[in-house]
Amino acid sequence: MPFDPAGLLRAHAALRQRELIQRRGRVGDVIGLIIEATGLEAEIGELCWVGDPRRGARVPTEVVGFRSGRTLLMPLGELGGIGPGTPVEPTGSPFRVTVGPQLLGRVIDGLGNPLDGGGPIATGMWRSTTAPPPDAFTRPRIRDRVGLGVRALDTLVPCGRGQRLGIFAGSGVGKSSLLGMIARYTTAQVNVIGLVGERGREVREFIERDLGDALEHSVVVVATSDQPALVRIRAAFTATAIAEYFRDEGSDVMLMMDSVTRFAMAQREVGLAIGEPPATRGYTPSVFALLPRLLERAGTSPDGSITGLYTVLVDGDDMNEPIADAVRSILDGHVVLTRALAHAGHYPAIDVLQSVSRLITEIITPEIQRAGQHVRSAMAAYRDKEDLISIGAYQRGTDPLADVAIDNRLALNEFLRQAVDDPTAAQQADAMLLELDAAMGGSARAQQSTTEAPPAAETGEPGETAAAGTPGASPELSLVA
Ligand SMILES: Nc1ncnc2c1ncn2[C@@H]1O[C@H](COP(=O)(O)OP(=O)(O)OP(=O)(O)O)[C@@H](O)[C@H]1O
Ligand SMILES: [Mg+2]
């Protein structure tokens, strides 16, 4: 073939115009977890490969910021074999994971790789892990309850299909057990479970002990605490993106994230590394900007729904800790688990009086709401007098509502306590609540007929009684511990 200089020039020009070649950069400095690259043209969130392909494995990294004309990258893997001048190649797109029904029953890492030894995952559709939340005006309103299988929740803190609830608890109070219980008994069709920043030991424990057979219709995304901060953040977004895929396919999805606090801590690590100023408790402003971008993606869409359950660790039961505060203000309700109840062996350790579902009026009938109110009032009255009751100084008749709670404590506890392998369908739980309310109303009416006292203003329950005597309720009454 004759030499064609014009053709060579054309080929050279075409090569120069190839976007990726122009945008390629090189590693300048590596400080801590941050790689500074020069000559790179990439956008925030873009995935870049760092390493020389001829020398071996390359490390996936993500653009996390810019400083004085340099691009700041953080690794999504181990930082090995990287030195000054190592090539950095942008991929032109943000991080994506493969999604599809083949994920059901699988356990994957934050980057979508299988962790369960079940072989490679067939490639399906690719989906960016970042996405905008469903449009506020096309989101159908939440009107139906999704059954969680847990009596105390379904009747007193019900969760709507597409609602987002926070589960606030200290460590070891029973979050994982409760999530496993819900995953097994919920009426949602698909579970997507993100375990973010968990200890490695707990992962198998959760999958085998808490989740059990429910794994068949679940996808578990795991990033343990030893993984790089970005991988822990990605895991939360990957789980959300997988849930979005199933929602787009028309399913009702239960998305569970354990825990949002560890997700926030990972973003704090990233923020501090790129030089953001620490604000409250060392959390950087980007943490508070990122939280709604994660939590707002659950919810209803015209096709399906994602019901979101997000756990929040509250150290020393400090409910006003900044992450707890921020998450509570974004979500549509919160469930509080307390150590006192767990210590009393009252499981699930749900403190009903501190827990709120903001959509309760939309999703359960007025009859159940009323019955729930009666039960709550009696529990509140009991808690108010609890110190007196426990030392035997409570005068029966001082507060008729507290008397009702004392008289019905066994039935109340039986209703609120539930073993993990004892599911109750939501309708059945409703019937049990009505029965409990009838029994409590009955005992209150009995008191009223003996005393003919005026009704208490707060609830319409019968009022004070003159009956004396101190029953000195047993201290093991844990419902309001
Ligand atoms: N419903 C339950 N019935 C009986 N025991 C329970 C129940 N829920 C939790 N427990 C007990 O509490 C322990 C801790 O529960 P779990 O692992 O669910 O807590 P956690 O809040 O997820 O803890 P961590 O903060 O370590 O993740 C369990 O090992 C079990 O002994
Ligand atoms: Mg746990």
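**A first look at the barrel, the ligand shell and the core**

User: Which residue in strand 5 stands opposite Glu-36?

Analyst: Leu-72 in strand 5 stands opposite Glu-36. Please note that this is a predicted model.

User: How many bridges join strand 2 to strand 5, and which way do they run?

Analyst: There are 3 bridges between strand 2 and strand 5, which spans residues 70-75, and the two run antiparallel.

User: What about strand 1 and strand 2, how many bridges there?

Analyst: Strand 1, residues 25-31, is joined to strand 2 by 4 bridges, and these strands run antiparallel. Within strand 2, Ile-34 is the bridge partner of Ile-31, and Ala-37 is the bridge partner of Val-27.

User: What sits between those two strands?

Analyst: Strand 1 and strand 2 form a hairpin with 2 residues between the strands, and Gly-32 takes a positive phi near 60° there.

User: Is strand 2 mostly covered or mostly open?

Analyst: Strand 2, residues 34-38, is mostly covered, with 4 of its 5 residues buried.

User: Which strand pairs with strand 1 over 2 bridges?

Analyst: That is strand 6, residues 87-94, which pairs with strand 1 in the antiparallel sense. Arg-26 stands opposite Pro-87 in strand 6, while Gly-25 stands opposite Val-88 in strand 6.

User: What do the strands close into, and in what order?

Analyst: A barrel: 6 strands close in the order 1-2-5-4-3-6, with antiparallel pairing. From one strand to the next, the twist averages 45°.

User: What holds paired strands together, in general?

Analyst: Strands of a sheet pair through backbone hydrogen bonds, in either a parallel or an antiparallel manner.

User: New topic, the ligand. How many residues surround ligand 1, and which are closest?

Analyst: Ligand 1 is surrounded by 13 residues, and the closest are Ser-171, Gly-174, Ser-176, Ser-177 and Tyr-347. By type, the shell around ligand 1 divides into 6 nonpolar, 5 polar and 2 charged residues.

User: Which helix gives the most to that shell?

Analyst: Helix 4, residues 175-185, gives the most, with 3 residues.

User: Buried or exposed, how does helix 4 come out?

Analyst: Helix 4 is mostly covered, as 10 of its 11 residues are buried. Among them are Lys-175, Ser-176, Leu-178, Met-181 and Tyr-185.

User: What covers the buried residues of helix 4?

Analyst: The covering elements include strand 10 (164-169), strand 11 (190-198), helix 5 (200-211), strand 12 (218-224), strand 13 (252-258) and strand 15 (305-313).

User: Let us turn to the core. How many residues does the largest nonpolar core have?

Analyst: The largest nonpolar core has 130 residues, and those with the most contacts inside it are Ile-242, Leu-255, Val-312 and Ala-405. Helix 6, residues 229-248, supplies the largest share of this core, 13 residues. As a general rule for soluble globular proteins, nonpolar side chains tend to be buried together.

User: What does Ala-405 touch?

Analyst: Leaving aside residues up to four places away in sequence, Ala-405 touches Ala-378, Met-379, Ala-381, Tyr-382 and Leu-412. Ala-405 is also one of the buried residues of helix 13.

User: Why is helix 13 described as largely enclosed?

Analyst: Because 8 of the 8 residues of helix 13, residues 400-407, are buried, the helix is largely enclosed by the rest of the structure. These buried residues include Pro-400, Asp-403 and Asp-407.

User: And Leu-341, where is that, and why does it count as buried?

Analyst: Leu-341 lies in helix 10, residues 339-343. Leu-341 is buried because 24 other C-beta atoms lie within 10 Å, and the cut-off for being buried is 20 or more. Leu-341 and Asp-351 are 10 residues apart in sequence and 7.6 Å apart in space, C-alpha to C-alpha.

User: Finally, the overall picture: how many helices and strands?

Analyst: The protein has 15 helices and 17 strands. Of its 481 residues, 49% are buried. Among contacts between residues at least 6 apart in sequence, 71% join residues at least 24 apart.

Key: Residues are numbered from 1 along each chain as its sequence is written. Chains are lettered from A and ligands numbered from 1 in the order in which they are written. This is a predicted model: local features need pLDDT of at least 70, side-chain atom pairs count only at pLDDT 80 or more; totals for chains, interfaces and linings use all residues. A residue is near a molecule or strand if its C-beta atom, placed from the backbone, lies within 6 Å of it. Ala, Val, Leu, Ile, Met, Phe, Trp, Tyr, Cys and Pro count as nonpolar, Asp, Glu, Lys and Arg as charged, and the others, Gly among them, as polar. A residue is buried if 20 or more other C-beta atoms lie within 10 Å of its own, exposed if 12 or fewer, and partly exposed in between; C-beta atoms are placed from the backbone. Two strands pair if DSSP finds at least two bridges between them. A nonpolar core is a set of buried Ala, Val, Leu, Ile, Met, Phe, Trp, Tyr and Cys residues joined through C-beta atoms within 7 Å. Two residues are in contact if their C-beta atoms, placed from the backbone, lie within 7 Å. Axes are lines fitted to C-alpha atoms, for helices over the stretch in contact, and angles run from 0 to 180 degrees between N-to-C directions.
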